[in-house]
Number of protein chains: 2
Amino acid sequence: MSLFPQSFENLIDAFASLPGIGRKSAQRLAFHMLSVPEESANAFAEAITNARKRVHTCPNCQNLTEEELCPVCSSPRRDGSVICVVAEPRDVVSIERSREYSGLYHVLHGVLSPVNRVGPDDLKITELVTRVAKGEIKEVIMATNPDTEGDTTAIYISGLLRPFGVKITRLAYGIPVGSNLEYADDATLMRALEGRVEI
Amino acid sequence: MSLFPQSFENLIDAFASLPGIGRKSAQRLAFHMLSVPEESANAFAEAITNARKRVHTCPNCQNLTEEELCPVCSSPRRDGSVICVVAEPRDVVSIERSREYSGLYHVLHGVLSPVNRVGPDDLKITELVTRVAKGEIKEVIMATNPDTEGDTTAIYISGLLRPFGVKITRLAYGIPVGSNLEYADDATLMRALEGRVEI
């Protein structure tokens, strides 16, 4: 005898299939779904189907968008000669928040990772090469995460873009603003010393 | 300029409205929803609407069910003269797992809690009194959680049921099976001594 009704068990299973949500949390979330007003529950379901229906990747930069082109690619105020290459759509949000960058983006949707069986064909690398090959790009900024997989991906892509004669740069490594030298790790301090600048 | 597409922001908002899920986790879950096959995403949405459509409370014991009566109430093998009173539907599942109980249940859907503004009218207490008043019940087992609110609720309900002359019991307090005396808290040890039995 199943103790919860079948459709309720299905709802628990659905929540438990989400990353980072265990069986107990899934049960709690399922109970929550029953306790909210019916409109809220239906709105939740609709939010999922709507997002799946409307959101697609921008054919130019591969960022998420509902329009034909994403807001960055379609803006006349952005500098079309610079591309900032990031791993994920959320990285675009982080960089935009700095208000320092006015060029275009290219979202790879992942990084090279032999362990997770992610190879060059699983990322939007060909699309980036095609954009650069058109000849209008002067600089490509590699802004993948400063870890092994991010660095590897950046170096791999630099190699592919080198023949087109574009300037290839990466974000500066160093100690974070507002942090404390005492707590900086060795690798970061080493990079910060290497990259020291005159004042 | 909103940086994620609107329908994607809506999906993040929906996840962030769930208890225990912050903004960062909500964003991660929303990305996950976009990365799974479209059928899985739609199945998730459907699980929510289906559970809301089909699941209701059993008119007899107030447990969740999809049928007219819940499986326990409609089973001819259950002892109809005993009611075990629990706070939540998940408590029914816990007690059923012990395979020790063969009577009926009554789910209160909460406990009395002045702090959270939960009074007697917010719980399924009247429904319990009505069941007991019919005269077929011989024993009511109070199985609310052994904490202040659970105990208060049990004592309050006992007072209401006393006039009907039914036997009212509660679960035994004591040291958990397989545990270690060294780690038992004082209140539990005190209750275990009070409730000692001859061997």
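## Where the two chains meet

In this predicted model, 48 residues from chain B and 48 residues from chain A make up the contact, with contact meaning heavy atoms within 4.5 Å. About 4,400 Å² is buried between chain B and chain A, and carbon and sulfur atoms give 74% of that. Buried area here is the accessible area (1.4 Å probe) that two parts lose on being put together, summed over both.

Now for the polar side of things. There are 8 residue pairs in polar contact between chain B and chain A, counting pairs with both residues at pLDDT 80 or more. A polar contact is a pair of N or O atoms within 3.5 Å; within protein, one must be able to donate a hydrogen and the other to accept it, and residues adjacent in sequence count only if both atoms are side-chain atoms.

## Chain B's side of the contact

On chain B, the elements giving two or more residues to the side that touches chain A are helices H1 (6-16), H2 (23-35), H3 (38-54), H4 (71-74) and H5 (89-97), plus strand S2 (64-65). Helices (H or I, at least four residues) and strands (E, at least two) are DSSP runs, numbered from the N terminus. H3(B) gives the largest share, 12 residues.

## The sheet in chain A

Chain A has an open sheet of 4 strands in the order S4-S3-S5-S6, with parallel pairing; two strands pair if DSSP finds at least two bridges between them. Strands S4 (103-107) and S6 (167-170) of chain A are the edges, each pairing on one side only.

Strand S5 (139-142) of chain A is joined to S6(A) by 4 bridges, and A:Glu139 has A:Lys167 as its bridge partner. Helix H6 (125-133) of chain A lies across S3, S4 and S5 of chain A, at about 150° to S4(A). Axes are lines fitted to C-alpha atoms, for helices over the stretch in contact, and angles run from 0 to 180 degrees between N-to-C directions.

## The sheet in chain B

Chain B also has 4 strands in an open, parallel sheet, ordered S4-S3-S5-S6. S4 (103-107) and S6 (167-170) of chain B each have a single partner strand, so one side of each has no neighbour in the sheet. In chain B, B:Val140 stands opposite B:Ile168 in S6(B).

## Reading the numbers

Residues are numbered from 1 along each chain as its sequence is written, and chains are lettered from A and ligands numbered from 1 in the order in which they are written. Local features need pLDDT of at least 70, side-chain atom pairs count only at pLDDT 80 or more, totals for chains, interfaces and linings use all residues, and side-chain values use heavy atoms, leaving out hydrogens and water.
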